[in-house]
Amino acid sequence: MMPGEVEVKAMLAKGGIPVNEGYAVHSAAEAAEMARHMGFPVVVKVLSPKIPHKSDLGLVDLNLCSPDAVGDAYERIVKKARTIDPDASAVVEAMAAQGTEVIIGAKRDPQFGPTVLFGLGGIFVEVFKDVSIRVAPVNRQMALSMIKEIKGYAILKGFRGKSAVDLEALADVIVKTSRLMMSDESIMELDMNPVMAYDKGAMAVDARALIKD
Amino acid sequence: MSESSLDSLLKPKCITVIGASREPSKWGYKVFHNIVSNGYKGRAYPVNPSAGKIDGHKCYADVGAIPGAVDLAIIIVPASGVLKVVDECGAKGVKSICVITAGFSEVGPEGAALEEKLKEKAKSYDMRMLGPNTMGFVNNSISLNASIIPRMPPKGEISFISQSGALGLSLVDWAIGSRLGLNCVVSTGNKADVSEADLLKFFEEDPHTWTIAMYIEGLKDGRKFMDAAMKVKKAKLAIKAGVSQAGARAAASHTGSLAGSDMVYDEAFRQCGVIRVEGIEEMFDAAMALSTQPRAKGNRVAILSNGGGAAIMASDACERRGMSVPQLTKHTSAGIARLLPAFASVKNPIDTVAKSDYELYKDTLKMLIDDADIDCVMVIYAHAGFTRADEPARAVIDTLKEKYPKPVVACWMGGEEVNAVAGMFRKNRVPYYPVPERAAEALWSLIKYNEFLQGAGK
């Protein structure tokens, strides 16, 4: 089964992986109230296990700055989403600052058990499949070698005046992902896409998981 | 399953073939015949209730009738009769079994159920089991051919583990043809008990094996394999066939579709120091270098050639694989300059401009091996017809007899005269290749092997 994003992020947070704050909501009023409570700006995203590519379908609204905007976003997104999944609802999340997007994932391989994957996010993973993997357990040194191994490493190191991202923080997420996979055998697949990599720190902004029934 | 040593299986002192036959076309004949006709010094007894003698050896009605202890029973009876035979072996106290009989998990769920029973039974008698559905094994160190392989390969330091029986067969044939030495050849069959992990452990301890080569279609327990391989410090090579994307297609996430089975195998092998190769030729090219040459402490290659074209191709092949062809030290350059004609290139790669006499190749090679900035050497000879291929070959052989701190591979390009030299190289344990790309690939495997040993703290 595929639990909702809120549940997956709770699982990640428990494993020590930084995530942005987010809550499932079930009405426009609840969404607006939640946003007021959290503080602006926020993001409203569809919440449905049946819709993996949320932004491709226009089911994510970023950088919302007022309760009205949040309520409207909820109405629009849920209405559209319910044409695909009648049970779709939405999640209100703290707007994460833009960083360099990377993917960190994991998969339980039938022969080798847990494996961990790292790559640059966006088109780098979709088109170029520029990723590195390791059979878990992955320690810090292995995690750093995974980061340095990808072709896009130059982008993480900083170039053309862009500063380097926090490689240690990324390595930390990789190591904790490995630990999570080693300790919880029910997780079959896990995607954190994107993880925002910052000058200091890193944060999983979107996450999906396949859990053994 | 018992994890006891495989000595009784692969180094037995007494063997019985249950289901031995007098009919030369039957496997029951071939296996027994191969055991007794290749110089095996242990005892061998055929078991067949209705035959009198096979190859001059008295037949026994059942395993219980054999005098003395039996280490290994090779079972070639119909699948339906295997369990009963294993019970008889258990009663006799047979230590290991090799089940050549097919018709188990490879044929479907019924066979799989029978295999499960067979596995449990062997375990209950504390026996190690090779197979079922194996073609047997060869152990050259005790002159034992307990397989259907018709000829013994020449003796050597490479042991080969094959999930495919037929491939094992053709490979031995190929090894005979190319005078490549093998120590053991083990066909794993269905791997109900003994798997690659057990064999890796056995070969790590086997003094006659220096390099382990594997043909793997699928591992039953990848973790166990990795754990075993991680502990093996001998060079390990593997062909992993059956590159399938089927699993990846069914994945639910990005990671699932990206981390396909092939990529995971690739990485898993790298993590446990198994050098993955694409095919047989590449595997044995690498094995030849790994089983004869010392460790390459780094990736800096010196190239010595009697022709510019071959030298450039060799440099390209090395650099493409991640090796460097660096400048030589001043001392080496000056030394080599004195040996070569004034217009020859004393930069790496060294082009002797068609000179290939014994002294020149020998002295130059020595200086290259002595260069502190060089980790390994490729010596090339491109046959031109007006020189002799064996002269520089003897220079390489003699140099390696004298000093041996760094790996050297030979690349002799040409036709008949060069082929005659191949035998000389093999006999003297110099890895030899007909083209620079294959020589470069072999050097690369030496470097990767060293990287694993360094990473493993050795």
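**Entry 1: the sheet of chain A**

I started with helix H2 (residues 28–38) of chain A, which lies across E1, strand E2 (42–47), E3 and E4 of chain A and runs at about 10 degrees to E4(A). I took helices (H or I, at least four residues) and strands (E, at least two) as DSSP runs, numbered from the N terminus. Angles run from 0 to 180 degrees between N-to-C directions, with axes as lines fitted to C-alpha atoms, for helices over the stretch in contact. Contact between two residues requires C-beta atoms, placed from the backbone, within 7 Å.

Helix H3 (residues 67–81) of chain A also packs on the sheet, touching E1, E2, E3 and E4 of chain A, and its direction makes about 20 degrees with that of E2(A).

I noted that this is a predicted model, in which local features need pLDDT of at least 70 and side-chain atom pairs count only at pLDDT 80 or more, while totals for chains, interfaces and linings use all residues. Residues are numbered from 1 along each chain as its sequence is written, and chains are lettered from A and ligands numbered from 1 in the order in which they are written.

In what order do the four strands of the open sheet in chain A stand? I read E1-E4-E2-E3, with antiparallel pairing; two strands pair if DSSP finds at least two bridges between them. Strand E1 (22–25) and strand E3 (60–64) of chain A are at the edges with a single partner strand each, so one side of each has no neighbour in the sheet. E1(A) and strand E4 (residues 89–94) of chain A run antiparallel and are joined by four bridges. Val25(A) has Ala90(A) in E4(A) as its bridge partner.

**Entry 2: a sheet of chain B**

I then looked up an open sheet of seven strands in chain B, with the order E9-E8-E11-E10-E12-E13-E14 and mixed pairing. Its edges are strand E9 (144–147) and strand E14 (274–277) of chain B; each has a single partner strand, so one side of each is left without a neighbour in the sheet. The twist from one strand to the next averages 20 degrees.

Strand E10 (residues 155–162) and strand E12 (residues 211–216) of chain B pair in the parallel sense over five bridges. There I found Ser159(B) opposite Ile212(B) in E12(B).

Is strand E17 (residues 376–382) of chain B mostly covered or uncovered? It is mostly covered, as seven of its seven residues are buried. Buried stands for 20 or more other C-beta atoms within 10 Å of the residue's own, exposed for 12 or fewer, and partly exposed for in between, with C-beta atoms placed from the backbone. On one side of E17(B) I listed Cys376(B), Met378(B), Ile380(B) and Ala382(B), and on the other Val377(B), Val379(B) and Tyr381(B).

E17(B) runs parallel to strand E15 (residues 301–305) of chain B, with five bridges joining them, and Val301(B) stands opposite Cys376(B). With strand E18 (residues 408–413) of chain B, E17(B) pairs in the parallel sense over six bridges.

Leu443(B) is in contact with Val301(B), Cys376(B), Met378(B) and Val409(B), among others, leaving aside neighbours within four places in sequence. Leu443(B) is also among the residues with the most contacts inside the largest nonpolar core, which has 201 residues. A nonpolar core is a set of buried Ala, Val, Leu, Ile, Met, Phe, Trp, Tyr and Cys residues joined through C-beta atoms within 7 Å.
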